[in-house]
Amino acid sequence: MHAVKYDGDYKLSYMIGIDIDDLLIKDLSGDSVRDEDTGKFSLGRLGESMHTFENTITHELFHAFMDDYNRTGMLGVTKVGDYVFDNNGNLTSDAQRYYKLHLPTWLIEGSASAVENVYQFRSDYFDALRTGPDGKVKDSFAASMIVECYLNGTYDGKPAYFDLANCDASVESNGVGHTASAYVSGYLATLYLADLANIKSTGTSAIILKDNSVDNVSTEKLRMGLNSILERMHKGETLDGIIADISPANSSGKKLYGDTADFQKKFIKGTPTELPSGVLEYAAEGDEGSSNFVMDYLNYLNYVSNLPDRNYKANGSILLPVDVDTGSPINSTKQASSEYYKITESNKVVPSTVPDSVAFAGGGKSNPGDSARAMSSEPDESLAAQPLEQTVQGDGAEAESGNDAAPLTTEGQSPNGEFANEGQSLSDQALENDSGVENAPEPTEEVAQGAKGE
Ligand SMILES: [Zn+2]
């Protein structure tokens, strides 16, 4: 993702580079096979590589949707020209303003993870939330164990750092990585917020109880809840304001969550107290609802995963009912096209066609000024970025998410003709549509920026 200057105006421009090598049909010696007539390579459509590709492209496209639909919060600026970074990857405009506007990484990655089959993809991390001190994965998720693992859990013998506070904090710079907090806790926190939004608007939770146990989970309700949060931000509200609005009440009848930081501080966590037995118990401290939601949700996914005759674990994507037995959120037998996102076969970035007046109309995380609309407090012109030489950094892809099999890379080939023609699925069809490279304006001056996206 780049801020590129066309005829004097910056436009946000995109490219998804795809390394399709893992998807090509290979011969016995592992070499890609060319079609005898056309001389082109052929895509295999089966297997784990294709599922990884489909999950990853769904995740990355969701980032792209939010880059246009919730641009203020995604970029942390109110005009594209401020989305410019120096050669060390630091924003050249007002950094404080950026941190007020920019959505927390756990929400960005959590919402993009909510559309992929994340419960399959990261099942080891979910299991780490039900692993006892003896190192054994328990049969089910218990709220107290979730709290304990969230605070002190391990993954692969090392601290897992599930706490949302680790996501944008110094943990990353210490080289620990933020997979657990961004992609797992972020996913669970996003779903919990979606459910709170639902409860606020419809009075009912996506978790459907019967005789005090979970009878079903409505992913349709989770979709509606997340949709309402993103739509409200699109229309100008801030995440802070929405969280305060949908917050449940504490025991004194006051709002439990005042803003994003407050939510981040209280989600799942509690204050440990030592029982007479010496065991530490994590009191819910009023946010018991979040650990109970996570427990109920994960136990239902675990229950579905263990149903007889299944090929896959529960999918974890809010695009599908929980029990759909598939390794991909994309229906490979269906064709669809989108008038909003069309693939351009090009190895250059292509400008977004959404006018800035629309893309930047929404709110980000917090109010940088007094107005409810982030848009209305214009940044200081003197902070506008200076054009730099283009230093394209790696972006896109799940490179840092610990998925070795991910076929997407940032420096990969552009999608080729074989790929587009092979398409029968939603994503392929979207890629197939010709948006007309010739219609895309040519950049007059390319500008450096820290490419974002993961
Ligand atoms: Zn991502």
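Trainee: At what angle do helix 8 and helix 12 pack, and how far apart are their axes?

Mentor: Helix 8 (residues 179-202) and helix 12 (residues 288-305) pack at about 105 degrees, with axes 10 Å apart. Axes are lines fitted to C-alpha atoms over the stretch in contact, and angles run from 0 to 180 degrees between N-to-C directions. Helices are DSSP runs of H or I, at least four residues, numbered from the N terminus. This is a predicted model: local features need pLDDT of at least 70, side-chain atom pairs need 80 or more, and totals for chains, interfaces and linings use all residues. Residues are numbered from 1 along each chain as its sequence is written.

Trainee: What makes helix 8 and helix 12 roughly perpendicular?

Mentor: The range is 65 to 115 degrees; under 35 is roughly parallel, over 145 roughly antiparallel, the rest oblique. The angle is about 105 degrees, so the pair counts as roughly perpendicular.

Trainee: Which residues of helix 8 and helix 12 meet?

Mentor: L188, L191, Y192 and D195 in helix 8 meet S290, F293, V294 and Y297 in helix 12. Contact means C-beta atoms, placed from the backbone, within 7 Å.

Trainee: Which residues of helix 10 are buried?

Mentor: In helix 10 (residues 239-246), they are L239, D240, I242, I243 and I246. Buried means 20 or more other C-beta atoms within 10 Å of a residue's own, exposed 12 or fewer, partly exposed in between.

Trainee: Why are they on the same side of helix 10?

Mentor: They cover an arc of only 165 degrees around the axis, so they share one side. The arc is taken over directions from the helix axis to the C-beta atoms. These residues pack against helix 2 (71-75), helix 8, helix 9 (219-234) and helix 11 (260-266).

Key:
Helices (H or I, at least four residues) and strands (E, at least two) are DSSP runs, numbered from the N terminus. Two residues are in contact if their C-beta atoms, placed from the backbone, lie within 7 Å.
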